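Biologist: I would like to learn how to read a hairpin and its backbone angles. Please take me through one case.

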Amino acid sequence: MMDIKRRTRNLYTKYGTSCPFQLAKMFHITVLILDLPGGIKGYCQRVFRRKFIVINRNAPEDEQRFICAHELGHTLLHRGMNHYFITRETYFAVGRYENQANEFAVKLLTCAEPMEHGEPLEWYLRRCGIPPEMDKFYF
C-alpha cells in the first residue's frame with residue numbers, strides 16, 4: 001500500500017516547499033493555465049518525454065493550487081498515465097487513482113502548515129486551500 005503522507009512529507013523536507021507550482025518546476029513539469037471545457041478542471045500529460053500539467057483558467061485561483069497539487073500527485077504517483085480531473089457533475093466513477101491524487105493534494109498542501117491550537121479542522125483545511133469535498137482525504 002502506498003504511504004502518501006510519508007511521500008508528501010519527504011517532498012516537503014527534501015525540497016523545502018509544499019507549493020505544487022514550485023515542486024512542478026523542480027521536477028521539470030511545465031504548468032499551463034489554459035481555457036478548458038467547463039467540466040475539466042485540469043489534466044496531466046506526457047508528450048515526447050516532456051511532462052505537462054494543464055489547469056483550467058476559469059477555476060478560482062485558490063482552486064488552481066489544489067488542482068495543480070492533484071495533478072502533481074498523478075504525475076508522481078501514477079507514472080506513464082494521463083489523467084483528467086473531471087468535476088463531480090459528471091457520471092464518471094472516481095477510482096483509486098483519483099482518490100490517491102486527492103489524498104496527495106490534501107497531504108501536500110497541509111504538511112507545511114501546522115494546525116493552530118484550538119483551530120477547528122474545517123477552518124484549518126480551508127486555510128490550507130482544501131476544498132470542502134476533499135476533507136475526507138485528510139485522515
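Biologist: In the hairpin of S2 and S3, which residue takes a positive phi?

Modeller: Most residues other than glycine have a negative phi. In this hairpin, with two residues between the strands, phenylalanine 48 takes a positive phi near 50°. This is a predicted model, where local features need pLDDT of at least 70, side-chain atom pairs count only at pLDDT 80 or more, and totals for chains, interfaces and linings use all residues. Residues are numbered from 1 along each chain as its sequence is written, and side-chain values use heavy atoms, without hydrogens and water.

Biologist: What is phi of arginine 49?

Modeller: Arginine 49 is a residue other than glycine with a positive phi, near 70°. Its place is in the loop between S2 and S3.

Biologist: How do the strands pair?

Modeller: Two strands pair if DSSP finds at least two bridges between them. Strands (E, at least two residues) and helices (H or I, at least four) are DSSP runs, numbered from the N terminus. Here S2 (residues 40-47) and S3 (residues 50-56) pair in the antiparallel sense over six bridges. Glutamine 45 has phenylalanine 52 in S3 as its bridge partner.

Biologist: Is phenylalanine 48 buried or exposed?

Modeller: Buried means under 20% relative accessible area, exposed over 50%, and partly exposed in between (1.4 Å probe, protein chains only). Phenylalanine 48 has a relative accessible area of 80%, so it is exposed. Arginine 49 is exposed too, at 75%.

Biologist: And serine 18, buried or exposed?

Modeller: Serine 18 counts as buried because its relative accessibility is 8%. It lies in the loop between helix H1 (4-15) and helix H2 (20-26).
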